[in-house]
Amino acid sequence: RTRMINLPHAGWVRSVRTQKAHIFLHVNDGSSLQSLQVVAGAELNDQLLTFGSAVEVTGILKKSPHQKQAVELEAQRIHVIGECDPVDFPFKIKERHNLEYLRQFPHLRCRTNAFSSLLRIRSEATAAFHSFFKDNGFVQIHTPVITSNDCEGAGELFQVEPSSVGDAHREFFFSVPAFLTVSGQLHLEVMSGAFSRVYTFGPTFRAENSQSRRHLAEFYMVEAELGFLRSLNDLTKVMEDMFKSTTEQVLARCVEDVDLFHSKEVFFKALNVILSTFRMSYSEAVEILGRSTENFTFPWGCDLKTEHEKHLVKHCGNVPVFVTDYPYRLKPFYARANQDPPQNTAAAVDLLVPGVGELCGGSLREERLDVLTAHLEDAGLEDTYDWYLDLRRFGSVPHGGFGLGFERFLQCVLGVDNIKDVIPFPRYSHSCLL
């Protein structure tokens, strides 16, 4: 931030304070939470210098006499580039607006401290995931946003059609029904036939008619597929390493921004969380829920709901919890069957985290052609997924993968309650602003 002397410094005014002989500005260019203090003679004052206005300041950087400021800019010239009417501007200089209020202004909320910090953290978290995969030998794959598969019931679908075609002459643009992707997993499995480690990071879409604090219609997923896996523990270890590595990097590199969301006590508690994990089977989870004083009605074979997931995390000391070996009927056809009657479980795992519940889900994939064919025939999907059987016919290996909800990761790290507050432009039922 300490640029060369006499070069212009541009940014937005965060505060203005006038004295008889001087004016003091805090100017921020969005690169960090800290603003540059500008000191200027009173003759440089301008009625257009208001909170929110965009300015270009030319002057000399020098060491600041104030402890909190490493340097300050002694201004020689202040040019107001963009005016801002402080009366109509929805954010006030001395108020800290809550996230729910900011949500009403998706076109302006990036100008607040809270949301600009969130976006810098989001950027750093994105880099942290890419760094983890690169350092561990993964190849990035750009999976399609438009797809003809539904990942076997992974969620409600948005169908893609040209807007200019009327119902009277309606034809499929792609000759087959096409949808916005709900997951890149099946496309990653294709690539895992040539690369032992692949991943993708991009938007996914679910047409769930929900406005809850947990759901979005458009969100980002981190998905990976690994070949030559021998056990579910191998997959779980990669999931754990990824979670710990990215969380640690975000907390270490965004201290000031994270501190805006957390007290110091919570911050160091978050650091401790990434050093601890707990593992249990689905059957053990059912036993814990059955002994709970909250009187859960939870027979074996039911899927975990959010309240169950949060209880299990709390029971284990509010640390991340891996739950493994779910009933096979709860998982899609590609999950590997453990073939352990009478329970009939799948080699599947979910990562549950404090404040969120399920963050990440994965499984070993069914690599045995005869078993997979039987499952598809039972579901009446053998023709639809004949191409998927080809992956097993031609050089298949034991493999597995997982998917992590990126926005839920940010909620976990920052303790943000509503998922709509960790994405720049939230899309959900009955809301698509901008």
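A residue counts as exposed when its relative accessible area is over 50%, and as buried when that area is under 20%. The model is predicted. Its secondary structure comprises 11 helices and 15 strands, and buried residues make up 48% of the 434 residues in the protein.

**Overall dimensions and contacts**

- The C-alpha trace extends over about 85 × 60 × 40 Å along its principal axes.
- Of the contacts with a separation of 6 or more, 67% are between residues 24 or more positions apart.

- Leu434 belongs to the segment after helix H11, which covers residues 406-414.
- The relative accessible area of Leu434 is 61%; because this is over 50%, Leu434 is classed as exposed.
- The phi angle of Leu434 is near 75°, which is a positive value in a residue other than glycine.

- Thr147 lies in strand S7, formed by residues 146-147.
- Thr147 has a relative accessibility of 4% and therefore counts as buried, the cut-off being under 20%.
- The side chain of Thr147 comes to 3.1 Å from the backbone nitrogen of Asn149.
- Apart from neighbours within four places in sequence, Thr147 is in contact with Pro177, Ala178, Phe179, Leu180, Thr181 and His187.

**Helix H2 and the residue that follows**

- Helix H2 runs over residues 113-135 and has 23 residues.
- At 1.5 Å a residue, H2 should span 33 Å, and its end C-alpha atoms lie 32 Å apart, so the two values agree.

**The pairing of helices H7 and H8**

- Helix H7 (residues 282-290) and helix H8 (residues 306-315) have axes that come within 10 Å and cross at roughly 90°.
- H7 is therefore roughly perpendicular to H8, a class that takes in angles of 65 to 115 degrees.
- Ala285, Ile288 and Leu289 of H7 make the contact with His308, His311, Leu312 and His315 of H8.
- Sorted by class, the residues of this contact are 4 nonpolar and 3 polar, with no charged residues.

**The pairing of helices H9 and H10**

- The axes of helix H9 (residues 369-379) and helix H10 (residues 386-393) come within 10 Å, with a crossing angle of roughly 170°.
- H9 and H10 are therefore roughly antiparallel to each other, since angles over 145 degrees fall in that class.
- From H9, the contact draws on Leu369, Leu372, Thr373 and Leu376, and from H10 on Tyr388, Leu389, Arg392 and Arg393.
- The contact of H9 with H10 contains 5 nonpolar residues, 1 polar residue and 2 charged residues.

- Pro342 is located in the loop between strand S12 (321-324) and strand S13 (348-353).
- The peptide bond from Pro341 to Pro342 is cis, and its omega is near 5°.
- Gln339 is also found in the loop between S12 and S13.
- Although Gln339 is not a glycine, its phi is positive, at about 50°.

How values were computed: Residues are numbered from 1 along each chain as its sequence is written. This is a predicted model: local features need pLDDT of at least 70, side-chain atom pairs count only at pLDDT 80 or more; totals for chains, interfaces and linings use all residues. Side-chain values use heavy atoms; hydrogens and water are left out. Helices (H or I, at least four residues) and strands (E, at least two) are DSSP runs, numbered from the N terminus. Buried means under 20% relative accessible area, exposed over 50%, partly exposed in between (1.4 Å probe, protein chains only). A polar contact is a pair of N or O atoms within 3.5 Å; within protein, one must be able to donate a hydrogen and the other to accept it, and residues adjacent in sequence count only if both atoms are side-chain atoms. Contact means heavy atoms within 4.5 Å. Axes are lines fitted to C-alpha atoms, for helices over the stretch in contact, and angles run from 0 to 180 degrees between N-to-C directions. Angles under 35 degrees count as roughly parallel, over 145 as roughly antiparallel, 65 to 115 as roughly perpendicular and the rest as oblique. Ala, Val, Leu, Ile, Met, Phe, Trp, Tyr, Cys and Pro count as nonpolar, Asp, Glu, Lys and Arg as charged, and the others, Gly among them, as polar. The expected span of a helix is 1.5 Å times one less than its number of residues.
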